[in-house]
Protein chains: 2
Amino acid sequence: MKDFIFSNTTKVYFGKAQLHHLSEEIAQFGKKVLLVYGGGSIKRIGLYDKIIAELNKAEMEIFELPGVEPNPHHTTVNKGAALCKKEGIDVVLAVGGGSTIDATKAIAATAKYEGDDCWDIITGKAFVPDNLPIVAVLTLSATGSEMDIGGVISNVEQNEKQPMFGPTLRSNVSFLDPTNTFSVNAYQTASGSVDIMAHVFDVAYFSAQEEMDMLTRMQEEVLKTVVKFAPAALEKPDDYDARANLMWASSWALNGFLFSGIEQDAIAHMIEHELSAFYNITHGHGLAIVIPKWLSYILDEKAAPKIKRLGVNVFGVDPAFSDMDGAKAAIEAMEKFFFDTLGLKSRLSDLGIDDKNFAIMAKKACGAKGKLEGFTTLTPADVEKIFELCS
Amino acid sequence: MKDFIFSNTTKVYFGKAQLHHLSEEIAQFGKKVLLVYGGGSIKRIGLYDKIIAELNKAEMEIFELPGVEPNPHHTTVNKGAALCKKEGIDVVLAVGGGSTIDATKAIAATAKYEGDDCWDIITGKAFVPDNLPIVAVLTLSATGSEMDIGGVISNVEQNEKQPMFGPTLRSNVSFLDPTNTFSVNAYQTASGSVDIMAHVFDVAYFSAQEEMDMLTRMQEEVLKTVVKFAPAALEKPDDYDARANLMWASSWALNGFLFSGIEQDAIAHMIEHELSAFYNITHGHGLAIVIPKWLSYILDEKAAPKIKRLGVNVFGVDPAFSDMDGAKAAIEAMEKFFFDTLGLKSRLSDLGIDDKNFAIMAKKACGAKGKLEGFTTLTPADVEKIFELCS
């Protein structure tokens with residue numbers, strides 16, 4: 001196994017009676033806060049008022065950036081960063097799901113950039129070693145952005161969706177209250193749950209690299225947590241245990257622990273990102289469609305044992321199967337979970353996506369290297385075939 | 001489940017080619033370092049010379065405190081703290097196992113105390129909100145001190161062994177190189193492995209509190225890691241995979257993750273601490289003797305399901321057993337693992353301990369409250385009976 005550095009400095013307040021710590025935590029960073037949020041669901045659930053009360057308690061001067069999109073736009077990030085510079089913002093506060101937190105991270109970095117376009121940083125044209133402090137209040141269990149070092153930003157003009165990473169691009173303090181996810185609807189609960197599982201698959205479980213046994217089994221426990229509690233949350237949206245397990249699973253899927261010593265391949269993510277870049281679909285739903293077809297496409301003698309192991313340890317597939325049959329049963333069980341249990345549509349055509357852009361998306365997914373390397377290596381032709389299997 | 005705060009700021013360098021980062025990491029804290037170590041094994045394995053070379057590379061002024069005892073003495077801590085004050089030490093560097101790191105933490109705190117006796121802090125007579133920065137190079141997988149917020153110090157004059165906790169009593173940077181444990185002998189490998197398991201049992205698994213399902217299963221994975229890799233390390237002491245899994249398991253057993261939302265009862269530890277306080281035995285060996293007898297003693301209808309679950313999920317006990325029979329089989333399997341597989345002696349009499357001090361040790365174990373509360377509540381009379389079962 002490879003050497004690695006583990007460091008995760010995010011302080012997490014987890015639970016239903018923790019928000020009263022927000023005032024003391026935010027005040028340590030200064031007096032001026034930019035409150036970043038999305039479409040207004042935080043007002044519907046009463047969270048906005050509680051946040052404002054906490055900020056007033058800390059005597060913060062409050063600026064707001066509402067309207068962050070799902071798959072957040074780089075133009076929105078630029079707007080937030082300009083506001084930070086103009087007003088001399090000390091700390092950015094994200095209240096929302098992964099899109100809001102991702103946008104907030106990008107704002108925090110761009111606010112320290114002498115240029116005005118975050119896309120310069122995201123594409124590597126500019127390097128910004130520092131960012132404003134970040135505080136997050138999570139309302140959706142999915143992306144892991146609350147405890148990881150990155151985010152994903154979309155450039156809608158160019159149909160591009162790109163990740164952004166940096167050691168300081170981490171929330172300083174995150175508030176994880178499972179009750180804030182009680183109102184998440186079935187579709188977003190299902191999509192978020194697939195996103196959690198996809199992180200485990202993509203950053204560690206399906207990897208060409210040698211792994212640490214303890215961590216492989218920890219990865220399976222996070223997957224089993226989702227398999228157990230996503231249906232429970234769908235059945236009873238205010239099931240605290242279910243929402244709490246999903247929330248902590250989302251953070252731990254991507255906070256560095258599970259992939260200690262493994263460089264993340266993120267192949268399924270690279271493929272799916274093209275779908276949500278071109279069609280603005282929900283990331284987790286795209287992943288649910290892509291992952292089983294990706295695994296079917298790459299299934300050979302080399303890939304079979306690990307895919308079978310997933311089936312046996314996570315989906316209850318019979319260990320007596322051969323590697324190949326066990327792997328097929330695993331993929332079937334996964335599809336049954338995504339499409340029957342979680343109720344997601346199984347085809348790109350269900351989302352109104354036809355084959356028009358498959359070739360260009362496949363090429364873009366493979367990036368400048370012209371291929372995706374990892375658990376197995378994929379060329380643009382391979383990715384195009386995977387899109388066809390999904391259609 | 002209870003609300004909780006998760007925060008772990010230790011930066012870990014894990015692997016076989018990481019020590020070259022020591023110079024840059026230590027230099028950030030100042031110019032004067034106190035190097036703390038134990039009986040000299042770090043010289044035998046060549047680690048001492050590598051450490052000195054790194055410190056010289058960083059142009060540090062080096063002071064040394066060798067000779068830290070297993071179950072480290074408060075007088076040694078006081079000696080180290082006095083040296084820190086006299087020389088104006090900037091950072092303390094522990095090179096060794098849990099005893100050395102624990103002593104180093106206590107030195108780091110006492111160096112900031114206006115008095116000169118660490119026992120004042122440990123017994124709560126004095127409060128020190130701050131400590132010198134701590135860096136650790138681990139050579140034994142056992143106590144988890146490399147990533148946790150506490151340590152255990154012994155007062156040999158009073159036959160007392162007391163824990164010491166504090167949010168800043170955490171190693172700032174820890175170096176975990178599994179090859180530094182290749183030379184750990186069979187006895188210390190076995191004892192350290194039991195210590196890791198005991199942390200999981202004591203801080204989380206056997207708890208009266210409501211738990212988060214994902215974490216219970218994560219706890220079992222840490223336990224299974226030890227059950228798998230401790231025998232492998234005994235069989236082949238330079239098995240890198242085995243040593244690496246044990247090392248990372250030791251850190252994660254006690255770094256806060258597994259017991260998110262659970263207040264630690266630490267009942268078995270409280271009982272065992274009396275044994276090592278009075279008789280200076282190896283902590284992990286004491287735990288191996290105490291834990292199965294403690295579980296046998298408390299086994300009733302309420303305790304049976306969780307003990308059976310341990311048996312089924314960790315030791316391969318047949319799930320078809322009744323709760324009570326399954327629990328008995330679990331305890332038997334645990335004893336077989338500790339005493340047959342790991343080769344530890346099973347009785348206090350094997351360690352030269354007779355019943356002379358059972359009553360006073362039982363009373364001390366129950367502390368000022370006069371009882372141990374947790375998974376089950378124990379009085380001094382109960383603890384004395386457990387000692388008798390162990391004798």
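I will go through the numbering, then the sheet, its helices and a serine.

Residues are numbered from 1 along each chain as its sequence is written, and chains are lettered from A and ligands numbered from 1 in the order in which they are written. This is a predicted model, where local features need pLDDT of at least 70, side-chain atom pairs count only at pLDDT 80 or more, and totals for chains, interfaces and linings use all residues, while side-chain values use heavy atoms, with hydrogens and water left out.

The open sheet has 12 strands with mixed pairing, in the order β3(A)-β2(A)-β4(A)-β5(A)-β8(A)-β1(A)-β1(B)-β8(B)-β5(B)-β4(B)-β2(B)-β3(B). Strands (E, at least two residues) and helices (H or I, at least four) are DSSP runs, numbered from the N terminus; two strands pair if DSSP finds at least two bridges between them. At the edges stand β3 (61-65) of chain A and β3 (61-65) of chain B, each with a single partner strand, so one side of each has no neighbour in the sheet. On average, neighbouring strands are turned by 25 degrees against each other, direction ignored.

In chain A, β2 (32-37) and β4 (91-96) run parallel, joined by five bridges. Val33(A) stands opposite Val91(A) there. Helix α5 (98-110) of chain A packs on the sheet, touching β2, β3, β4 and β5 of chain A, and its direction makes about 170 degrees with that of β4(A). Axes are lines fitted to C-alpha atoms, for helices over the stretch in contact, and angles run from 0 to 180 degrees between N-to-C directions; contact means heavy atoms within 4.5 Å.

Last, is Ser260(A) buried or exposed? Ser260(A) has 6% relative accessibility, so it counts as buried (under 20% relative accessible area; exposed is over 50%, partly exposed in between; 1.4 Å probe, protein chains only). Not counting residues up to four places away in sequence, Ser260(A) touches Phe4(A), Phe6(A), Leu215(A) and Trp248(B).
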